[in-house]
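The sequence and the structure come first.

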Amino acid sequence: MEQVQLQDWARYTPAQRFQRYGYFALTAFVVAWALGSVNIIWAWVWDAPTQMGDLFSRMVPPDPTHLDQILSALWETVNLATIATAMAVVLALPVAYIAAQNTTPNALTLWLGRFILVSSRSVNTIIWALLFVAIFGPGVVAGIVAIMFRSIGFLGKLLGEAIEEIDPKPVEALKACGASHFKVVLYAIVPQVMPTFFAVAILRWDINLRESTVLGLVGAGGIGVILQGAIDTFNWQEVSTVLLAIIALVVMGEVVSSYLRRKIL
């Protein structure tokens, strides 16, 4: 009988292995080039664990002397995030409408809606805050407007995608019955995107709550103002108190947002 010679199984061919090794070598070269171009002071890197241990030792125990001011600033932070989210939701609805291909009136409005979404999401909240602090001056107003501008892109993009994914049959049925455009939107589009609307709004509020804790570092109000003041005066025990308060606030925001999603959705 003729014997069949079995070949050893290999996951990749020699050409594929050579290609993979080439990608690995290219990645290693890019990483090495990046590390060499950012001017890292390696002596500080090796000394970082010692410095971190020294800093944390100065933070213990936390100092609750100004706890009333910290709690007041936390409440201001919650208000800042809530107001900014509410304003962003209102402004994002028409942007989402014109940014969705199946509801936008024409190509010009589609381009305008997409431009607004990209412009909003391409600029970080801190950058928006720096800009509006220069316009409105330091305070909560600059923080509210900064978070609002950042949130419009997030909300508008997700709502616009939800509008594009709706079932077109209810829309066609209402149009066939002679319903006005307003009624088509109200009775065929809104009910289908309402779950996404609430889910995205709650999610964005949770994100804004976290982002608003650092806006005070650039003068845009909230708990970050107290944090920056404590850092500038080397009051590390108060810094630890503020950080613990921020962690508690973020955890509370996560619990509240999860509860709301379960109740509403």
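## Basis and overall fold

Helices (H or I, at least four residues) and strands (E, at least two) are DSSP runs, numbered from the N terminus. On that definition the protein chain has 10 helices and zero strands, and its pattern along the sequence reads α-α-α-α-α-α-α-α-α-α. The radius of gyration is 26 Å, well over the 18 Å that the globule rule gives for 265 residues, so the protein chain is more spread out than a compact globule. Here the radius is taken over C-alpha atoms, and the rule is 2.2 Å times the number of residues to the power 0.38.

This is a predicted model, in which local features need pLDDT of at least 70 and side-chain atom pairs count only at pLDDT 80 or more, while totals for chains, interfaces and linings use all residues. Residues are numbered from 1 along each chain as its sequence is written, and side-chain values use heavy atoms, with hydrogens and water left out.

## Extent, burial and contacts

The C-alpha trace of the protein chain spans about 80 × 70 × 35 Å along its principal axes. Of the 265 residues, 35% are buried; buried means under 20% relative accessible area, exposed over 50%, and partly exposed in between (1.4 Å probe, protein chains only). Contact means heavy atoms within 4.5 Å. Among the contacts in the protein chain with a separation of 6 or more, 72% are between residues 24 or more positions apart.

## Packing of α3 and α8

Two packed helices are described by the angle between their axes and the distance between the axes. The axes are lines fitted to C-alpha atoms, for helices over the stretch in contact, and the angles run from 0 to 180 degrees between N-to-C directions. For α3 and α8, the axes come within 10 Å and cross at roughly 150°. The two helices are therefore roughly antiparallel to each other; angles under 35 degrees count as roughly parallel, over 145 as roughly antiparallel, 65 to 115 as roughly perpendicular and the rest as oblique. The crossing of α3 and α8 is right-handed, where right-handed means that the near helix is turned clockwise from the far one by less than a right angle, and left-handed anticlockwise.

On the α3 side the contact is made by Thr77, Val78, Ala81, Thr82, Thr85, Val89, Leu93 and Tyr97. From α8 come His181, Val185, Phe197, Ala201, Arg204, Trp205, Asn208 and Leu209. The residues of this contact of α3 with α8 divide into 10 nonpolar, five polar and one charged. In this division Ala, Val, Leu, Ile, Met, Phe, Trp, Tyr, Cys and Pro count as nonpolar, Asp, Glu, Lys and Arg as charged, and the others, Gly among them, as polar.

## Packing of α7 and α8

Helix α7 (residues 168-176) packs against helix α8 (residues 181-211) at an angle of about 165°, with the axes 9 Å apart. That makes α7 roughly antiparallel to α8. The crossing of α7 past α8 is right-handed. Pro170, Val171, Leu174 and Lys175 of α7 meet Lys183, Val184, Tyr187, Ala188, Ile189 and Gln192 of α8. This contact of α7 with α8 comprises seven nonpolar, one polar and two charged residues.

## Buried positions

Ile152 is in helix α6 (residues 140-164) and is buried, with a relative accessible area of 10%. Leaving aside neighbours within four places in sequence, Ile152 is in contact with Ala88, Leu91, Ala92, Val95, Ile116, Leu117 and Ser120.

Ser212, in the loop between α8 and α9, is buried with a relative accessible area of 0%. Not counting residues up to four places away in sequence, Ser212 touches Thr77, Leu80, Ala81, Ile147 and Gly221. Val218 is also placed in the loop between α8 and α9. With neighbours within four places left aside, Val218 is in contact with Ile126, Ala129, Leu130 and Val133.

Most residues other than glycine have a negative phi, and most peptide bonds are trans. A cis peptide bond joins Val60 and Pro61, with omega about -5°. Pro61 lies in the loop between α2 (42-59) and α3 (67-99). Phe234 is not a glycine but has a positive phi of about 55°. The place of Phe234 is in the loop between α9 (223-232) and α10 (236-264), and at 61% relative accessibility Phe234 counts as exposed.

Leu67 lies in helix α3 and is partly exposed, with a relative accessible area of 37%. Leu67 and Ala245 are 178 residues apart in sequence and 9.3 Å apart in space, C-alpha to C-alpha.
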